[in-house]
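Open the model in your viewer, keep the selection tool handy, and follow along from stop to stop.

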Amino acid sequence: MPKPTFTPLPSPTGTSIESSLSDFGQQAHIMGNANTVVRRSLAIALLKFMESTPFADISVTELTQKAGVSRMGYYRNYDSKLALLKDYLAQIEHDFPFIDLTAASESEFYAFLRQVFDYLSKFELSTKILLNQGFEGLILDTLLNSKIFVEYRKKQSLTCQAMTAPHQDKSGEYNLVFASGMLYHTYIHWVRQGQTETPQQLASWLMAGGFYRLFHPADD
């Protein structure tokens, strides 16, 4: 089976890879945490390679040389390039805005959505790189594992455990699927369109589309 054709991304005109990693390792550099700086350097090098090179064709030797990191430093942190990519996404998820989906008011939901798109806007270039390399699923998995959805799943699990099997309400499980899908597809479409809309517009459209009502149906 022939390998799919890879098309390098055009020269970026928006945010740089370095700016999308501005918080990843910067404080550690100041505090002397050398290992976090190593991880940041490797992440920047990997994403820069991915702009023009198929992921499978990037060698560890090339990667460590570009990052200015020893092979020992690489293998101390990662057993694969995919593990490095997941670590980069985990850092993005770590700083993802949080809200209690079941307790927040409608105005708090709107403010939260604005904050989400403000935060995600600086990852435009790295998201385009990941999409171009076929890592859509990895982006979605990162969103599903963000704190807002993890905490919601915990609450739903406790609710279901309190019910007998025939009466268990699985609507919360599907609400999670709907909500994560709305956020994910809105963000991906926004990136592919060049982020021409404002975070305020996106937040307003998601609210009008029923994002809040997924978690507060009794408010209708």
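**Stop 1**

Select aspartate 87, which counts as buried at 17% relative accessibility (buried is under 20% relative accessible area, exposed over 50% and partly exposed in between, with a 1.4 Å probe and protein chains only). Helices here are DSSP runs of H or I with at least four residues, and strands are runs of E with at least two, numbered from the N terminus.

Before you move on, a word about what you are looking at. This is a predicted model, in which local features need a pLDDT of at least 70 and side-chain atom pairs count only at pLDDT 80 or more, while totals for chains, interfaces and linings use all residues. Residues are numbered from 1 along each chain as its sequence is written, and side-chain values use heavy atoms, with hydrogens and water left out.

**Stop 2: colour by confidence**

Colour the chain by pLDDT, the predictor's confidence in each residue from 0 to 100. The protein chain has a mean of 83, and 79% of its residues reach 70 or more. Where is confidence lowest, and where is it highest? The lowest mean, 44, is in helix H2 (residues 26–31), and the highest, 96, is in helix H12 (residues 199–208). Over residues 27–32 the pLDDT is below 50, and beyond near neighbours in sequence this stretch has four contacts in the model (a contact means heavy atoms within 4.5 Å).

**Stop 3: the other salt bridges**

The whole structure holds four salt bridges. For another of them, select arginine 192 and glutamate 136, with their closest N and O atoms 3.8 Å apart. Arginine 192 is in helix H11 and glutamate 136 in helix H9 (residues 136–144), so the pair ties together parts that are 56 residues apart in sequence. Are these two partners buried or exposed? Arginine 192 is exposed, at 51%, and glutamate 136 is partly exposed, at 29%.

Next, select glutamate 151 and lysine 154, a salt bridge with closest N and O atoms 3.4 Å apart. Both are in helix H10 (residues 147–161), where being three residues apart separates them by about one helical turn. Glutamate 151 is partly exposed at 34%, as is lysine 154 at 47%.

**Stop 4: rings**

Show the aromatic side chains: a search of the whole structure finds 13 aromatic pairs. Rings of Phe, Tyr and Trp (its six-membered ring) pair if their centres lie within 6.5 Å; planes under 30 degrees apart count as stacked, over 60 as edge-to-face and the rest as tilted. Phenylalanine 96 and tyrosine 119 have ring centres 6.2 Å apart and planes at 85 degrees, so they pair edge-to-face. Phenylalanine 96 is in the loop between helix H6 (81–94) and helix H7 (106–120), and tyrosine 119 is in helix H7, so the pair ties together parts 23 residues apart in sequence. Phenylalanine 96 is buried at 8%, and tyrosine 119 at 14%. The ring of tyrosine 119 also pairs edge-to-face with that of phenylalanine 123, with centres 5.3 Å apart and planes at 70 degrees. Phenylalanine 123 is buried, at 4%.

For a cluster, select Phe109, Tyr152, Phe211, Tyr212 and Phe215.

**Stop 5**

Select the buried residues of H12: Pro199, Leu202, Ala203, Leu206 and Met207. They cover an arc of only 130 degrees around the axis, which puts them on the same side of H12 (the arc is that of the directions from the helix axis to the C-beta atoms). These buried residues pack against H7, H11 and helix H13 (211–215). On the other side of H12, Trp205 and Ala208 are exposed.

Finish at glutamine 195, in the loop between helix H11 (171–192) and H12. Most residues other than glycine have a negative phi. Glutamine 195 has a positive phi of about 50 degrees although it is not a glycine, and it is buried at 16%.

Notes. A salt bridge is a side-chain nitrogen of Lys or Arg within 4 Å of a carboxyl oxygen of Asp or Glu.
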